[in-house]
Structure formats: C-alpha cells, structure tokens
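Here are my notes on the model, as numbered points. Please read them with the structure open beside you.

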Amino acid sequence: MVPVSIWRLRGVGRLMGLAWVVWALGGCGGESNRAVVAGGEAAQGTPGALTEEQIRNGIGPISRVEPGEIDPARVKRGEEIFALKCAACHRLDERYIGPPLREVTARRTPEFIMNMLLNSWEMTQRHPTVKEMLAEYFTPMPNQDLTEEDARAVLDYLRQARAEGGGGA
Amino acid sequence: MGRIASDRWGWLFLALLAGTAVLYSCRTGQGGAGFEDAARAVYVPPGEYDEFYAFLSGGFSGQVTVYGLPSGRLFKVIPVFSQHPENGWGYSEETKPMLQTSWGFVPWDDAHHPQLSQTDGVTDGRWLFINANNTPRVARIDLRTFETEEILEIPNSAGNHASPFITENTEYLVASTRFSVPVPQRDMPISQYKGNFQGTISFIRANEPGKMRIAFQILVPGYNYDLANAGRKESAGWAFLTSYNTEEAHTLLEVNASQRDKDFVAAVHWKRAEECVAQGAGREVAAEYRHNHLGPDRAGHSELLTSVRILEPKDCSEMIFFLPTPKSPHGLDVDPSGEYIVAGGKLASVIPVHSFSKMLQAIRNKDFEGEVDGIPVLRYEAVLAGEVQNPGLGPLHTEFDGRGYAYTSMFISSEIVKWQLGTWQVVDRVPAYYSIGHLMIPGGDSAQPWGKYVVALNKITKDRYLPTGPELVQSAQLYDISGDKMRLLLDFPTLGEPHYAQAIPAEILRRQQAQIYPLEQNSHPHATKGEGQARVVREGNVVRVYMTAIRTHFAPDNIEGIRVGDTVYFHVTNLEQDWDVPHGFAVMGAQNAELLVMPGETRTLKWVPLREGVYPFYCTDFCSALHQEMQGYVRVSPKGADVPLSYSTGR
C-alpha cells in the first residue's frame, strides 16, 4: 500500500495541496496575498462574491462537462467508488448523513456535482447553496481524494441511478 | 532512597560547578551574541517552517523524536522499539509483530544512533535507521510516513552500540557488539572471559525495504566495540570502529579496562569481505533471530531466521586491521573527504587523527607492530596524520562543517572544540551546559555537511530549566557555526536521553510526505472497504467487528450478542481520504491502548470483555464539529446467553 504525497495527487487534490504549500510558505507580511492563494485560482475578490457561473456550476476545476450518453463502464466504476467512498454518508433514496442522491442530477448541473466531489472544502466554505445544506445536515462533506475521472464515473453512476428510477423509499 | 555519588562523580560535579561559576557571567551575554540576536536567529514566525528536520535518538525511551531547527520545536515522537499507547504502536494487532524477538515480545529498548540513508555519501531522505542496544536490533523508518516499517534482530551480539553506521550508498549498516560474549552463547564461567568471549561486526544489507538481512558477521577478539563510521570517497569500501577494553577485563572495567595507553581502531575492508563471501569463505552458523516488517497490507509480519554467515579474519586475508589509538577511544568519525579518521580517546590528552592513505601505504609496506588473533596491528606512527594537542578533557565525538573544520565534543570539560583539519590547531571553543555527549551538524557525518548549525546533545541540565523533582530533563543546544566563532543560540529540552542525532534540509523531506493511504490499495485481510460491508462475524469464541469510521460515525455503532468469554477484534478502517483526519478508537473495559487509524488504513484492537453490561466506544482524536457524537455501544451478555449476534447503524 503506497502512501500518497502532494506530488502524486492529481487534479484539484494536487492543486489544493500545492496551494496549501504555497500558502504555508507565503510567510508573514503577506496577509492579503495569503487569502487569495489559499482559495486557489478561482478565489478572487471577497468570499461569497461568486460569479453567476460559479453559482450554477460550483467552484472548482470543472468548468464544462458534456455528459453525452451514459457510459456503462463509467457506471460500474462509479458504483464501486460510491460504495467505497460515498456510501458511508449517502443513500440513493433516503436521507442519511447527507441528502439522498437519486435525483441529484436533476437538481444540480454536472459541473456542480463534479466540483462538489473534487473541491468539497471550498464549496462548503463559499458556495451559498452548500452553506445552506451544511446548516441542514451539520456534517461537511470531506475530501475523498477523487481524480477527475473518478468524479466523472460517479456522475454517470448517479445519472444511471436517476434513469433507473426510485427504489420506492 | 538517597543520593549516591562516587568520588569520581564528586570531582566531576565540583569541576562542573567551578565551570558553571566561571561561565555564569557568559549566560547573560551568550558569548557576545546577545539575546536579541540569538532570538532572531531561531525565531520561526507562526505558520512558517523550520530550515531542517532533526531526528534525535530517544535513548532509554526507545523512540526517535523529530524536531525543527533552528526553532527546537518538537513535531513528533516516532515509536520504534518501545510500545506507544498514544497511537497503539505495539498494542494493535498489526504492530505487535514488530516488537517480536527471539526472546518473545519485548516492549522496550534503548535507542542511540539514528542514521539517514545516503546516496554517494549524501543524505537522501529515504530512510532513517536506528539501533536497539539491549536486545540487539536495527530498525528502518520510512521518511514518507515517519513510521517504523522494519526491524531486524542481530544474533551473536550483546549491547548493539556501534550501530547502525551506514556505507555511502546504503549498501550496508555496520552494527557491532559492545559487550563481548560467548559466541555462540553457552553456559561458562565469567572468569574465563579472556580468549573465550568474542565480539561480532555485522554487515546488514539495507537498501531494499522489507528485505534487511545480515550479509555476514566478522568474528573479532573479545573487546568492547564502541562506535563506527564508514569510509567515503577514497575510503568507501571500508568501515572503521573504535574498541576499548583490549585488556579483556570482565569486572570493574572503569579500572581494569583503562590500563593500556592505546586500544584499537578496527579498519574493516568490507569490499574485500564481500569478495571472500562470494568465494564461499566463512561458515553458515545456526542462530535464531527475527525479522519483522510492515507488509503491503500495512500489518506487521514476523519471521524467524535460523542461520547467519560468520567470517573469521583467518578466512579472508587483508580484510581487517587494527590501528593503535589512545586511550579507550569512544567516537569514530571520518571527515567528508574520506581521508581523515578521527577517534575520540575519552581518556586521552590528544585527539588522534589517522590518515586513510597512510594506512593503505602501511598495509602495502607491512608496517606492522604485531598481530592479534590473526589481525595485523599497524604501527601508530605509520598511520597517524596528526594529533590535536590540548583539546580539552574527555573528547568523544567529532562532526565536520565541510569548510575544513572539525568540531569535537568534550564530555568532562563540557565544551565544543573547533579545530582545523591539516593543521590540527584548535581555533575556537564554546561551553556546553552540561556534559555534552554526541554533537551533530546536519550532514556532518557525510560527504556533504550543511555546516550552519551544530547541536550539542547533553547528558545533564542541572540549573538550566525549572526543576522537576529528582529527574531533570535532558537537553539539546543549538549553536550557529556559520562564522569564525561558535555562538550559542538556543536550549531546548529532549524526550528521553538524546545520544546521536541526524538532520536534513526540510525541503528534501517536506515534498515527499504522505498524506493518506489510498483506500483502494488497502489490502489488509480484515479491511472494510465501504460502509456497506461493515459487519460482525462470529467464529467460535472469536468475534470480528468489521468497522468503518468516517466523520462522524462508526459503522456498526450498535452491537449485541457478544458474550463474556469471547475475544473481540475491532478491525477499524478509516474511510477518510483527506489529510490530517485520523480517527481514534477506544472501548471501555479494554486492557489495552487506543488505536489511531490513519486515513485509508485498517488497525485492530483486541478486546476481551470481562463483565456483562453495555459499554461505550468512541473516537479519541478530535475529528469534526460532531466528534463528540462519534460513539457507539456494545452489549456484553453472560456466558452462554442466547442473545443473537446483531449490529446496526442508524436504526
């Protein structure tokens, strides 16, 4: 079992890791810079002042996704990831630690879902919808070290779950 | 109860007190540096990083401590040879095998000499090795995880003190016995020590993780082998060790082992020994010892090894030579060029420095003054490069700054003495508070020192800190050596007794730090990979709880059907994949420590419930706003009760 270092992380994990290092190295005397770097490239201006696109599609590395046809290979992979890393807090048809997810692809854009999967910490800190959800559900969604491809697979799994329809709960 | 002081210690204390009085005035001025300058030099502002990682041996704590330099801030205790209830080391089922020895489970040891791995003589930041003195072993710590991953026991050794010293490409750890003993061990009169007891010098293959092995042991006369250093550059194929008690005394060594004017430095040509072993020299001897390592499943595995290859000097010509060295030498240090071999004769009035090139010349010329058990003894004058005259009292250890200067610790006169290689002239001296043992310059025992600081590792603190009853803290002191004059910057307390230490620029290690263990790679046989697989399984009287932990609940968190007489294993898998989110686990009534489970890993706590009742378990490591909600209950019924096994979460 090989441990992961900052440099082996991909996608936003690495970005955040690097941002964290840069931030940590920033030193004293740069308080105003520090806030910018800490939030990554997207963090411009004051927290809360999000663009309309950020409100719609979330904050993070994903700006555009073409969902296309649901890919069965991605669904299978997404289901495995969901069981391993998500099912401790989410069910499809009932509220558990977090909200039920069968209809989440109807509520949120694909970009929003993937940004939430990849950048949950910043989403929880800054996005008004996620902040409201935190007030309701109490437990912030942790970073589960997904790659962009992992997040894409989970997205297709959730699209398939919606297509299949509710289990009745 | 009472205070025991021999005459010798009495004199020592008088000397120290006198020194203290003289030095007291310096304390306010700190050798002219001034408190403000010194404070500025060691101040690391909040949120900023230290320049170096320093690894200090924990001595009788059996562990390694990690400090930042120049701040002297403690970051971590790495458990190595002693149980550590704080994170379950030696208590969890995964880590118990790491402390197995041929004597069974041993919960403690005495760890002296950390040693960083090297490539081309330069510390490379892969691993840290350290010795166990009492039950002879060496350990390897991975510097991506700061965790002990491998421990190898050393047979035919007693008091594994001259250990582990590394060759310049981490080919070998050199580990020698301080106490000579009957080899192999047998029942015999102590009075027959002379000629019957022997020492061993072990060469341990170290450059493949999980596969540390003793390549060969060299059988040597029954002296005490004290410290060592491997050659580098020109002297790369050699290792050098100090010995004392060449008198072969077995009682009252402080008198009987201090008779001769000179003892020996042993020069071992390990490249030559390798050739001999490759040609089949020596013999395979039965010996039982253990090799323990954390496998890919991150669980400890202990295997019993049953033989070792032993070489005697007669089996391999020109493999080992003795260099006469005054007097009861302790430290042995080779300079960055590999040419100068410095021995700290703790009872000597000079610091002798041998020359590697002169040694080779003397070997070629057969410039011997005698022979001991088939080992040629070279003539002192033929190998001597020079002597540092009047260095102080009780020279022990020497480090190098890479700019042509050496720094030697003086135990009795409690000071660091700076002298110049080649001229052998003392150029500066500075007091240490008090009774300095080892000293350490980052990389100062390698081909590439970072000669900015020297750290003194002191045995006695006396009046330096607020007193804490009869047992006072040990300490380290940091000196700036970037200028002509050494300058005391900082005192900082240590955990256990620091013997040797190592340090490396922070940049080398910081980038490679592991943040998590990937869940998908978790191959622990009792891992629970997803909350959907959480379950409880009965196997006769053994109950296995396959439990997951994530912010902020355990699954399952209600368990019934356990009975008095059962043995319960809580296999806790931390499902987190985020940095700095370990979960803890403790259950009431456990005669055991807690677990600390890192993100993505599985750790197991054994619990034998003694009394019926309903007992809580909870997360011990504050993990989130709802940490106080992270708990559960386990019901214990009487022996023979028919409460069915059941488990649930959230129902």
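1. A strand pair to start with. Ile351(B) stands opposite Val388(B) in strand 26 of chain B. The two strands involved, strand 23 and strand 26 (residues 384-389) of chain B, pair in the antiparallel sense over five bridges. Here two strands count as paired if DSSP finds at least two bridges between them. Helices (H or I, at least four residues) and strands (E, at least two) are DSSP runs, numbered from the N terminus.

2. Ground rules. This is a predicted model, in which local features need pLDDT of at least 70, side-chain atom pairs count only at pLDDT 80 or more, and totals for chains, interfaces and linings use all residues. Residues are numbered from 1 along each chain as its sequence is written, while chains are lettered from A and ligands numbered from 1 in the order in which they are written.

3. Confidence. pLDDT is the predictor's confidence in each residue, from 0 to 100. Chain B has a mean pLDDT of 94, and 95% of its residues reach 70 or more. Residues 1-14 of chain B fall below 50, and this stretch has two contacts in the model beyond near neighbours in sequence. Residues 16-32 of chain B are also below 50; that stretch has 13 such contacts. The model scores ipTM 0.82 and pTM 0.89.

4. Overall build of chain B. The chain holds seven helices and 47 strands. Its radius of gyration is 27 Å, close to the 26 Å that the globule rule gives for 651 residues, so chain B is as compact as a globular protein of that length. (The radius is taken over C-alpha atoms; the rule is 2.2 Å times the number of residues to the power 0.38.) Along the principal axes, the C-alpha atoms of chain B fill a box of roughly 85 × 65 × 50 Å.

5. Of the 651 residues of chain B, 53% count as buried. Buried means that 20 or more other C-beta atoms lie within 10 Å of the residue's own; exposed means 12 or fewer, and partly exposed is in between, with C-beta atoms placed from the backbone. Two residues are in contact if their C-beta atoms, placed from the backbone, lie within 7 Å. Among contacts in chain B with a separation of 6 or more, 61% link residues 24 or more positions apart.

6. Back to the sheet of point 1. Four strands of chain B form an open antiparallel sheet in the order 21-22-23-26. Strand 21 (329-334) and strand 26 of chain B stand at the edges, each with a single partner strand, so one side of each is left without a neighbour in the sheet. The twist averages 20° from one strand to the next. Axes are lines fitted to C-alpha atoms, for helices over the stretch in contact, and angles run from 0 to 180 degrees between N-to-C directions.

7. Its other pairings. Four bridges join strand 21 of chain B to strand 22 of chain B in antiparallel fashion. Pro329(B) has Gly345(B), in strand 22 of chain B, as its bridge partner. Strand 22 and strand 23 of chain B are antiparallel over three bridges. There, Val342(B) is partnered by Val353(B). A hairpin through four residues joins strand 22 to strand 23 of chain B.

8. What lies across this sheet? Helix 5 of chain B lies across strand 22, strand 23 and strand 26 of chain B, running at about 60° to strand 23. The buried residues of helix 5 (residues 356-364) of chain B are Phe356(B), Met359(B) and Ala362(B). They cover an arc of only 115° around the axis, which puts them on the same side of helix 5 of chain B. That arc is taken from the directions from the helix axis to the C-beta atoms. Their cover includes strand 17 (262-269), strand 20 (320-326) and helix 6 (380-383) of chain B. Just after helix 5 of chain B, Lys366(B) takes a positive phi of about 50°.

9. Contact with chain A. In chain B, 38 residues are in contact with 23 residues of chain A. Strand 36 (514-516) and strand 38 (542-550) of chain B each supply at least two residues of the side that touches chain A. Strand 36 of chain B gives the most to that side, with three residues.
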